[in-house]
Amino acid sequence: MIEAEIDITEAMESFSKAAKSHDLSSAVRENLDEIGRLLTMNVNLRNISNIELAKLFDLVAKADDRHLAKKIVYRLAYRHHESFEAQLRYLGKRAVKKENYPSFNMIAKLWKEKGK
């Protein structure tokens with residue numbers, strides 16, 4: 001499990017560097033296989049910090065993986081002693097502030113799903 005955490009951290013760092021240089025397409029191409037492998041793994045979310053979980057949510061939103069996105073939101077809500085809806089609201093505000101449209105769209109999908 002430790003190896004997976006290091007890989008996730010490395011992938012997130014390369015994405016943040018690419019985002020700062022506005023060259024996300026090269027970062028996506030370089031890390032596409034690794035990201036796909038990480039998203040299919042059973043990752044233990046308990047050992048990942050809140051900041052890394054929020055960044056992982058952004059990556060999962062780009063990959064359009066609702067199942068893992070929902071697990072991340074529930075984990076964050078559990079840690080903050082909040083409801084699922086309250087955590088979605090917080091992540092929505094964060095997505096708007098950072099102008100992260102894939103994350104905002106994922107939040108909208110999860111919000112629609114919660115009523116079912």
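Predicted model: local features only at pLDDT ≥ 70, side-chain atom pairs only at ≥ 80, totals over all residues.
The expected span of a helix is 1.5 Å times one less than its number of residues.

With 14 residues, α5 stretches 20 Å from its first C-alpha to its last, close to the 20 Å expected at 1.5 Å a residue. Its buried residues are Phe 84, Gln 87, Leu 88, Leu 91, Gly 92, Arg 94 and Ala 95. They span an arc of only 165° around the axis, so they sit on the same side of α5. What do the buried residues of α5 pack against? Their partners are α3, α4 and α6.

Glu 85 and Arg 94 are both worth a click. Glu 85 has its place in helix α5, and Arg 94 lies in helix α5 too. Here is how they score on accessibility:

| Residue | Relative accessible area | Class |
|---|---|---|
| Glu 85 | 26% | partly exposed |
| Arg 94 | 15% | buried |

Why does Arg 94 count as buried? Buried means under 20% relative accessible area, and Arg 94 comes in at 15%. Glu 85, at 26%, is partly exposed.

Now for their partners, leaving aside neighbours within four places in sequence. Arg 94 is in contact with Ala 54, Lys 55 and Asp 58. With Asp 58 there is also a polar contact, side chain to side chain, at 3.0 Å. Glu 85, for its part, is in contact with Trp 111 and Lys 114. Along the sequence, Glu 85 and Lys 114 are 29 residues apart, yet their C-alpha atoms are 8.2 Å apart in space.

**The nonpolar core**

Which residues have the most contacts inside the largest nonpolar core? That core has 19 residues, and the ones with the most contacts inside it are Phe 57, Ile 72, Val 73 and Leu 110. At least two of its residues come from each of α3 (50–63), α4 (66–79), α5 (84–97) and α6 (101–114).

Not counting residues up to four places away in sequence, Ile 72 touches Leu 45, Leu 53, Leu 56, Phe 57 and Val 60.

Terms used:
Residues numbered from 1 in each chain as written. Heavy atoms only, no water. Core = buried A, V, L, I, M, F, W, Y, C linked by side-chain atoms within 4.5 Å. Buried < 20%, exposed > 50% of the residue type's maximum accessible area, 1.4 Å probe, protein only. Helix = DSSP H or I, 4+ residues; strand = E, 2+ residues; numbered from the N terminus. Contact = heavy atoms within 4.5 Å. Arc of directions from axis to C-beta. Polar contact = N/O pair within 3.5 Å; in protein donor to acceptor, adjacent residues only side chain to side chain.
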